[in-house]
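Below is a short briefing on one protein chain. It covers a helix, a strand residue, salt bridges and a charged surface patch.

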Amino acid sequence: MQTKTVRVVDPERPLELECGKTFGPIDVAYETYGTLNEAGDNVVLICHALSGNAHVAGLNSPEDKKPGWWDIMVGPGKGIDTNKYFVVCSNFLGGCSGTTGPCSVNPATGKPYGLDFPIITIADMVKVQKLLLDKLGIKKLLAVLGGSIGGMQVLQWAIAYPDLVRAAIPIATTTHLGAQSIAFDAVGRNAILADPNFAGGQYANGKGPAGGLAIARMIGHITYLSEQGMREKFGRELRHSDRYSYDFNSEFAVETYLDYQGQSFVERFDANSYLYITKAADYFDLAREHGSLKQAFTNTTCRFLVISFASDWLFTPAQSRAIVYALVANNKDVSFCDITSPYGHDAFLLEPETLGALLSGFLNATHRPGVRKRSRNARTNKSSRMDGPGRTNRMRVDYEVIESLIKPNSTVLDIGCGDGELLANLAVDKNVKGEGIELGQDLVLACVDRGLPIVQHDVEHGLESYADRSYDYVILSQTVQTVKNPEKVFAELLRVGKKVIVSFPNFAHWRSRVQLFFQGRAPVTEHLPFDWYNSPNIHCLSLDDFDRFCRKLGVRVEKKIPLIKTRLSPVRVAPNLFAEQVIYVTSKG
């Protein structure tokens, strides 16, 4: 791969920066992968993180020891498939890998800018990326994606250029750094500034603040890992001996690892760039800039796929969920997955299988829109909306009945939507605008692969971001018996939906009664295929139980459809005894 450089800002027409200064000239280093198609609609822009650069994949020369920083994700047949997409990645403004930054030569002095370089922001970086795309003749983006500080750029892209971006994929990022993250950045900067070789930022011909920069990297690198990952990788292992040395040399494995990380970083990165980039991250605050997080996303028009990692304590899953909730409150097309991983913040660089499947499915669904009834993803083909807690893939008649109850062109929120089969059927057959909520990671992947908006969320935590009566129908299928607080959950569903459709297995079915009476044990049937010790069902309810439940809450039961086996016609005689499952259509009383 060849890194190219292009001038995007001439000195006679400088760029106006967020800090109020104007600046130029600006050159940008970038790489491209794949082929731009005739329609020009297959462009994927990748935004790198703090220490990244334009070299995202492949080798720059046969002598390279390492490929690009995201080679596991970008390339033919990979998560971001360069056989399909034209990928662009540039070194951002303030970097030290070809794009104008503090180590670039100031044409006015003939010396590196150093601290004469102006303070920049994430918005400034994105402005420069937009100028690069203009130079390349790119008029629209299929997607813009990136992790960490790259994710901040993604959010800025979606907000600043809504007409240009079809999909935004912010990964392991946030809308603003918290006090702890700012504190880590500040300690790293102070380590550099306090280094005796910093020389006021003009260290180009000298030794430079190698010690301070190494310490900054060591501090930062700790935040990229998780406690679990560090414990499993290093523990208290000694590197070169089985005895303590009783001195201050590095002897624990984790110490020597951090020494290596610090030293290798010094060899490839500029201390001044570290100062400017971390400061830009500290200043990024969408809520402060726009008045509120909800307001920040008001004018966005693209699809969103927000991704976090469960063990990331630097940019936490809660910070990603805040993005999701703000988008939900704006009724935007958003999907969210919190990937299980032990790697902490660095997981977006180390989880190619799960992350690759998510990116591949979402990009494909964006590039070739349309909900698919059957999932293409072989990993999740065996998954079903009724696999997992309280759901089995043996019952299908309730799908047909529920679909028959929903009017065409309606809006639907499916709680516990599984692999999205029902939502996909509704979208294709009845032009329903459907969204799902699911907990299972593989099921979320399947929904993304189908082209469905899906949010990984526990309904027990409420639906505060969803507006009152924002859906024509809310569906809770084969799940009510698994939630801890059905009364709270049901009240939330009635608030969000004009009608709530609930289905569940009937624990009072005659087969269950017979087993309990004659065998004296918890019943196991086709519709209740669990032993007492591994059952996700924590409530054993019958039709009569749910009737009393609705009366207590003042809920109107509009329809009650008891079902048996594969028959679509309801059970007429003694339904509480003979029905194997039931579907209710309810609304506020």
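**Helix α15 and its surroundings**

G451 follows α15 and has a positive phi, near 90°. The model is predicted. The points below start with this helix and then turn to a cysteine, the salt bridges and a surface patch.

- Helix α15 spans residues 441–450 and is mostly covered, with nine of its ten residues buried.
- The buried residues are Q441, L443, V444, L445, A446, C447, V448, D449 and R450.
- Helices α12 (352–367) and α14 (421–430) are among the elements that the buried residues of α15 pack against.
- Strands β14 (334–339), β16 (433–438) and β17 (454–456) also pack against the buried residues of α15.

**C89 in strand β8**

- Strand β8 (residues 86–90) contains C89.
- C89 counts as buried because its relative accessibility is 0%, and the cut-off for buried is under 20%.
- Leaving aside residues up to four places away in sequence, C89 touches A29, Y30, E31, I46, N53, A54, V56 and W69.
- Between C89 and L305 there are 19 Å in space, C-alpha to C-alpha, and 216 residues in sequence.

**Salt bridges**

- The whole structure holds 19 salt bridges.
- One of these joins the side chains of E18 and K127, at 3.9 Å from N to O.
- This pair links distant parts of the chain, 109 residues apart: E18 sits in the loop between β2 (15–16) and β3 (22–23), and K127 in helix α1 (residues 122–136).
- E18 is partly exposed, with a relative accessible area of 44%, and K127 is partly exposed at 26%.
- The side chains of E237 and R239 also meet in a salt bridge, at 3.9 Å from N to O.
- E237 is partly exposed at 40% relative accessibility, and R239 is partly exposed with a relative accessible area of 39%.
- R521 and D531 form a salt bridge through their side chains, at 3.9 Å from N to O.
- Both R521 and D531 lie in the loop between α17 (510–519) and α18 (543–553), so the pair ties together parts that are ten residues apart in sequence.
- R521 has a relative accessible area of 35% and is partly exposed; D531 counts as partly exposed at 27% relative accessibility.
- A network of salt bridges links D468, E492 and R495.

**Positive surface patch**

- K84, K140, R166 and R368 gather in a patch of positive charge on the surface.
- R166 is partly exposed, with a relative accessible area of 30%.

Terms used: Residues numbered from 1 in each chain as written. Predicted model: local features only at pLDDT ≥ 70, side-chain atom pairs only at ≥ 80, totals over all residues. Heavy atoms only, no water. Patch = residues over 30% accessible without salt bridge, like charges linked within 9 Å, V, L, I, M, F, W, Y side chains within 5 Å. Areas by Shrake-Rupley, 256 points an atom, 1.4 Å probe, with all protein chains shown as cover. Salt bridge = Lys/Arg side-chain N within 4 Å of Asp/Glu carboxyl O. Lys, Arg positive; Asp, Glu negative; His and termini not counted. Charge placed at Lys NZ, Arg CZ, Asp CG, Glu CD. Buried < 20%, exposed > 50% of the residue type's maximum accessible area, 1.4 Å probe, protein only. Helix = DSSP H or I, 4+ residues; strand = E, 2+ residues; numbered from the N terminus. Contact = heavy atoms within 4.5 Å.
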